[in-house]
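Dear colleague,

My notes on its disulfides follow.

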Amino acid sequence: MVNLFLVAISCLAAIEMPGCAGITSTSPSVVTVVLQPTQISLSLGQPQQFQATVTGTSNKSVTWFAGGVAGGTASAGTISPSGLYTAPNAMPSLPTVTVTASSNADSSAAASAIVSLTDGIVVAISPTSATVSTGAGQSFTASVTGTGAPSTAVTWSVNGIAGGNSTLGTIASNGAAGALYVAPAVSPSPPTVSITATSVADPTKSATASVTITCSATNTISPSAVTVSLAQTQAFTASFCLAAGASIAWDVNGIAGGNSTVGSITPSSANTVVYAAPIDLPSPTTVAIHATSGLLTASASVMLISNIGVTVSPSSATVQVSQRTSFAAALTNTSDTAVSWLVNGVTYGNSTVGRICQSGSNPCVPPSAPGSASVDYLAPGTAPAVDPVTVTAMSHADPSKIGNAIVSVAGVPAPLSVSVSPFYAFVSRSTSTLSTRQFFATVTGSNTAVTWSVQSAVAGQGCGGAACGSVDGNGVFTAPAVAPSPNAISIIATSQADNTKSASATIAITSGPTIEALLPSSVMAGGVEGFPLSVHGLNFVAGSGGAGSVILLNGVARATTCATTTTCTIVLNPADVQAAATFALQISNPGSPALLSNPVPFVILPFDVSEDAISLNSAQPAASRKDITVVEPTTAAVSAPLDVDFDGLLTNGTCEVEGTPLTVTRPSSGSEIVSLCVHGNGLDPTMTYAFTGPGTAPGDIPVTASVITGLFPNTMELDLQISTTTLPGVRTLLITSLNNDRAAASGILEVK
């Protein structure tokens, strides 16, 4: 019926169209398209064959459209060139799709059909509920069913948030239909969340499971109990069921953050800290670490220990009654090196067992607090009933750690005597800042107290009263503002037990002319040559002939040359040093009145030529109880030491400088002369030149000395008489001046 009806209508419109009997027309044919079926319902992914009939043209081909797109799309479905339509796997936003066939002969000729899409999708999730600890995971599986061939893919969300987040937990696919949910580190509020699987084919279809999140923490601190050494560290971790955004407060013994006494706490993360133990043991030695968040509290205990070592040096001593000896303490494994001192268990001792004094304090002053400095032990005036006594150093960081020294107290007192140290001192003058110097008095006897005083060191001259400075009861000298003339002040310690016993030290104020050293400081009596005497110090006046400073010898001015403000020189003649004596030597600076330096003694020693030869041989390879005197340049009667710096054989007036020892060979009979050349400082032919002999005193090689002209100054020719009786061996050259200064050139000659 339908086809006939369509044909009839076509014929009515046709003019002279073949197939329309009795009707003729000269008009062109009309192209028409008929589509079967015109309306259908399909499930997702289901196919449907469409048929298109084209009339009015010999070209029967058509182009197929789905959703207005040639060939269709994934969301609208696809249609093949033969008209086979396949519904999409996912429901589009509109559940109907238009399928169109358009004539390829006339694109305006087309026919369409309506496809209604249905899915019947049902989404299921497994499990539908779960309980998960914070930070733990839970697997879920989703299934998608429906008519046709819908997509089985799903998307996952937590409380409607795709993939979740750190507050609610996260979920991620781990297979075609599975997913893993990971709970947050802190339980959310409320603690139940929804896990939803939503169909990709039809987002209106989903399934939901509920997850309850519980706290896995135990409200504790780890470790809960630990032992920590002084000054060491220990990490702690708190395990709490914290609400989101909550923080943890830490304390030590209730003190937020702790302190230097009980130890301190430093956070290193949200729930961890580092505890630093104190350097000294607290009392009690166990402290509590607390972590608090809201109403939640956890605690841990720390036992503090030390491995401190204490030693006292010296470890033993013998001290006479009323005398002192010093002790020092050394500590290991601690930065607190302070100690307290005890004598027989009594802090700082007492008059019966002896007392502990601050080092150098006089009279004895006990330490005011534990310290690291050395101390003095002052023995009692009489020997204690229990002898020896024990001097103990007790660690301030850990009083249980001690070191001991044993002290024997000699019971017989020594005769009372007084000494002062230092014996001589150079002190700058006082300005707006006072210049001070500590002096110490040592007194033997039962009463060690002294009275300090100052006065001029030169009777009838120099300072008086405050111009000499001052000294306090502890021996601290305060210098005056102006140096006295003569520049010498005595500081005197007088025994309070016997005021006839005293000792003094001399002070020179360095702002005035000051003698610090003499070169030489002493000579031997009987010199036959003059020699220079050099004075070294401060604040001299450079010049000569009366324009500069003058050296006074026993108060008598001598012709003086002061090359600089620190050095002046005179010449001492043989007549000055013929007899043993002590001269008072001073510097006098020009002026009115002249400024005098401190007086310094210059000593002339008695002449002593005694010598003791040390003879060694195979029968006596060692010698003991021998005195060896070494003369230093500062005490020699010349301004420079004697020495030999090179030597050699002298042949035809030529000095052949060679390495030592120089070798000479004894003649087969009689004797012969061998000439040597030696060069050094201060050598001249008036000196005595002699060679030692192996196992004998010097004297088996006669030596004649003369000057070699034309060579270096201070070059001597030594003519040696070598005979068959000269002993073989290595020899040392001894050189002695007319003033008995001596030098030695070791091992420069070997006789074979």
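How many disulfides does the count come to? The model is a predicted one, and the count comes to four disulfides. A disulfide is a covalent bond between the sulfur atoms of two cysteines. Three of these links are described below.

One of them is formed by C357 and C364, whose sulfur atoms lie 2.0 Å apart. The torsion about the S-S bond of C357 and C364 is about -105 degrees, and the disulfide is therefore left-handed. C357 and C364 are each buried.

Another disulfide is formed by C463 and C468, with their sulfur atoms 2.0 Å apart. Here the link is right-handed, with 105 degrees about the S-S bond of C463 and C468. Are these two cysteines buried or exposed? C463 has a relative accessible area of 12%, so C463 counts as buried, the cut-off being under 20%. C468 has a relative accessible area of 1% and is therefore buried as well.

A further disulfide joins C655 to C677, with an S to S distance of 1.8 Å. The link of C655 and C677 is right-handed, with 80 degrees about the S-S bond. Which parts of the chain does this pair link? The parts are distant ones: C655 belongs to strand β63 (residues 654–657) and C677 to strand β65 (residues 671–681), and the two cysteines are 22 residues apart. C655 is buried, and C677 is buried too.

With kind regards

Key:
Residues numbered from 1 in each chain as written. Predicted model: local features only at pLDDT ≥ 70, side-chain atom pairs only at ≥ 80, totals over all residues. Heavy atoms only, no water. Disulfide = S-S within 2.5 Å. Buried < 20%, exposed > 50% of the residue type's maximum accessible area, 1.4 Å probe, protein only. Helix = DSSP H or I, 4+ residues; strand = E, 2+ residues; numbered from the N terminus.
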